[in-house]
Each structure stands twice: as C-alpha cells, then as structure tokens.
Amino acid sequence: MKKLFVAVSTFIFMLLITFNITNAAGFSNAKGSTQKATIVKNVQQLNDAIKNKQHHIIVDGTINGGNVPKTYTFADKSWDNLTIEGLKGSKPALVNIQLKVDGELLPANQSINNVVIKNINFYGNISDLQKLNNDQINVGGVGVNYLGVSLRRVNNALIKNNDFHDIPDDLFSISLSSDKVTVDHNHFWFSNKWLNMNPDPKWNWVGDWHDLASERLPLLVGANKNDSYMATNKLHVTLSNNWFGPNLKGRPLLRGYVHAYNNYFDNSTNPTGQNAQGYSQNQYNAMQIGSGSNVLSEHNYFYKTNNSQNVGLDSKNDAYKFVTRHNTFRNTTGTSAKSNVKSIKIPYKYHLITSHNLVNTIKKTAGVK
C-alpha cells in the first residue's frame, strides 16, 4: 500500500509539472503552456527555442543578452499559451534581456492569451548600460523602454516569483488594454550600485532627458489616461504578496482596475541627498493612483515610505476611484491619500496576511526560488 501511495503521489507530481499548474488568487487563471518543456542554458539556445516556436521554455542558470540589451518579442496569436520559467535551484537569470509579449498590431478584438512568466531574475548589467549612448540605444533596437517584462495587449497572464532589479525605465509594465493579469510574489528593487552609479549617463526618454540613476521605477499599469480601466474596461490587475523596494524612487503607477493586497513597500534604505548628476535621491511616492483607475489597497505594509499612497493624475480633473483599508504605515513621511469611494468589488476569494506577519512572510516568499 505504501508503494502504491508513493507511485500515485509521484504521478500526480509529474502531472503538475507537465501541465504547469500554478495557483494564485487574482484576476488571472493562466496556466501557460502544456507543451513539452525545452531547457535553455545560453543565449544561442534561447534564440533557437524562440525561433522554433517553443512554448514552454525553462531557463537553466544565467543567460546574458550581450553588451547592448536584447529584446525578444512575441507579437502574434501563435504565442498564445506561453510559459517561460526558471529552473528551480539553478539561479535562473536573464541579464540585459527583455521579454516583450506584444499584441498591439493584432486586430482590435484580439490579444495574446494565457501567458505565464515565473521564477526568473531579470536585471541589467550596470557597466554595460553606462557605456551606451542614446544613438546606440536606438540603433540597437532597445528603444527607450527596456524593461524586464512588458505586457502589451495580453489577456490572462501570471507573473509570479520573479526578481526585477537594476533595469532602466520601469522594471515591468502592463499596458495597451492588457487584461486579467496577476502579479504575485515578485521582488522589485534597485541596488546601491545603481543608486550611486558614477558616471550617471543621461538618456532621451521620448524627447525628455533623464539621468539613468534616477530611473528607479518598478511597475506601470496603463500607459496614459486613454489606456486606463475607465477608458477601456480592461487592465484588471492583481498585485499580491510582492516586495517593492528598497531604493525605489516612486511607483507603481496604477491606471487599471487594481487590487493591491499583502504587499510590502520597503523604503528602509531611505535614499537622500543628490546623485552624480545632481538630482534628488529622495522617494517621491510609494504607490501612485492614476487617471481612470479603480484601486483597492488593503493589508499592505508601508515602511519609511514617502507619500505612501499618492493620487497623481495625468490632468487635474481626471476621474478615479480609490479605497484604502487596513494598511500599516510605519515611520512614513509625507501624506497618504484617503478613500474617495466606499467600496470596490473584487470577484475572487483571497487570503489576507496580518500586519505583524506580513514583512517576514513576504521577505521569505517573494522572488526567485
């Protein structure tokens, strides 16, 4: 009987691996690919896997995209049902690499569906980024929006247990009427090396010059007020059990229908003074409620954050709805916005972590495993 139990347990475990079953409470129920997995250990193998339309890619160890950051774009319906994940225990990482799942050129009623990205460390090599000038960025095809992961018109996606740090522009974005996205147990942060980089080059972000060290932004939901929940009825996003910080300058900026719960907003380093270009190191906000949004913020823990929940709209009179309840604020500065409506409905069940357990729990469970 014991042997039978072991055999059945092993069979069930193998089924879970084969079908890539992943559970997280949120707007997404994405399961990703059911295709046989392809393991990649270097950039050439990753190139080949994507060229050959492999839909379940496992990253084994560190893969470096090269001196100029490399973007892999998944831009048509053939990329429905996609899983890219790191091999547990192999310290999986994609360095100078952006994964861009981009359905913006599809017909208006279509999107790329059922995407899972999990257990990968995304980061940029600072010395490589410092050597780039603005012409190299454009010629290299990186553009001004090199992120770890970019979701553009993607429906039903799960982003889980990743680490995003030291990447220019936002670390991660959800935009262009993407919908039903769960962002769960990730770590978004910047290193002290990034904070204090010298030289600190200036890049041109769509006609607006910024220094690299000041771009310490984790997450964007909705590109502008025309790409918001109220404008599109899309951008239903769950932010749960994530660790935001340390060394973040501001954001996440939320223009969607966003449920943010059990997140740790960590400004424990509390950067001050000026960087090598003479710009302020101070945090300007921790969470930004943007134009056209519906945001429910609950059971989040804000530590040493500045303007912890800040209403920042594209235009002064833009509409938004915001509810804040049962959040913890410890040693915070500035102000934090109050609710402007009584309730925002959430259509799924979820578990809330009590404040005295939240920080240690999130530190232990967020990020790569």
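This report describes the secondary structure, sheets, core and salt bridges of one protein model.

The model is predicted, so local features need pLDDT of at least 70, side-chain atom pairs count only at pLDDT 80 or more, and totals for chains, interfaces and linings use all residues. Residues are numbered from 1 along each chain as its sequence is written, and side-chain values use heavy atoms, with hydrogens and water left out.

## Overall composition

The protein contains seven helices and 29 strands. Helices (H or I, at least four residues) and strands (E, at least two) are DSSP runs, numbered from the N terminus. Of the 369 residues in the protein, 55% are buried. Here, buried means under 20% relative accessible area, exposed means over 50%, and partly exposed lies in between, with a 1.4 Å probe and protein chains only. The accessible surface comes to about 16100 Å², and carbon and sulfur atoms account for 51% of that surface. These areas come from the Shrake-Rupley method with a 1.4 Å probe; for residues, only the protein chains shown count as cover.

Contact means heavy atoms within 4.5 Å. Among contacts between residues at least 6 apart in sequence, 73% join residues at least 24 apart.

## The nine-stranded sheet

Nine strands form an open sheet with parallel pairing, in the order S3-S6-S9-S12-S15-S20-S23-S26-S29. At its edges stand strand S3 (62-64) and strand S29 (328-330), each of which pairs on one side only. Two strands pair if DSSP finds at least two bridges between them. Strand S6 is joined to strand S9 (residues 121-123) by three bridges, and the two run parallel.

Ala93 belongs to strand S6 (residues 93-95) and stands opposite Asn121 in S9. Because its relative accessibility is 3%, Ala93 counts as buried. Leaving aside neighbours within four places in sequence, the contacts of Ala93 are Val59, Gly61, Thr62, Ile63, Ile120, Asn121 and Tyr123. Ala93 and Phe122 are 29 residues apart in sequence, yet their C-alpha atoms are 5.8 Å apart in space.

Helix H7 (residues 355-365) lies across strand S20 (243-244), strand S23 (264-266), strand S26 (301-303) and S29, and runs at about 75° to S23. Axes are lines fitted to C-alpha atoms, for helices over the stretch in contact, and angles run from 0 to 180 degrees between N-to-C directions.

Four bridges pair S10 with strand S13 (residues 170-175) in the parallel sense. Leu151 stands opposite Ile174 in S13.

Leu151 is also one of the residues with the most contacts inside the largest nonpolar core, together with Leu99 and Phe172; this core has 63 residues. A nonpolar core is a set of buried Ala, Val, Leu, Ile, Met, Phe, Trp, Tyr and Cys residues joined through side-chain atoms within 4.5 Å.

## Salt bridges

A salt bridge is a side-chain nitrogen of Lys or Arg within 4 Å of a carboxyl oxygen of Asp or Glu. By this rule the protein has eleven salt bridges, including those in the table.

| Pair | Closest N to O distance |
|---|---|
| Lys118 and Glu85 | 3.9 Å |
| Glu104 and Arg152 | 2.9 Å |

Glu104 lies in the loop between strand S7 (97-102) and S8, and Arg152 lies in strand S10 (residues 149-152), 48 residues apart. Glu104 is partly exposed, with a relative accessible area of 29%, whereas Arg152 counts as buried at 16% relative accessibility.

Asp318, in the loop between strand S27 (309-311) and strand S28 (321-325), is 93 residues apart from Lys225, in the loop between strand S18 (217-221) and helix H6 (229-232). Asp318 is buried, with a relative accessible area of 17%, and Lys225 is partly exposed at 34% relative accessibility. Salt bridges that share partners join Asp102, Glu104 and Arg152 into one network.
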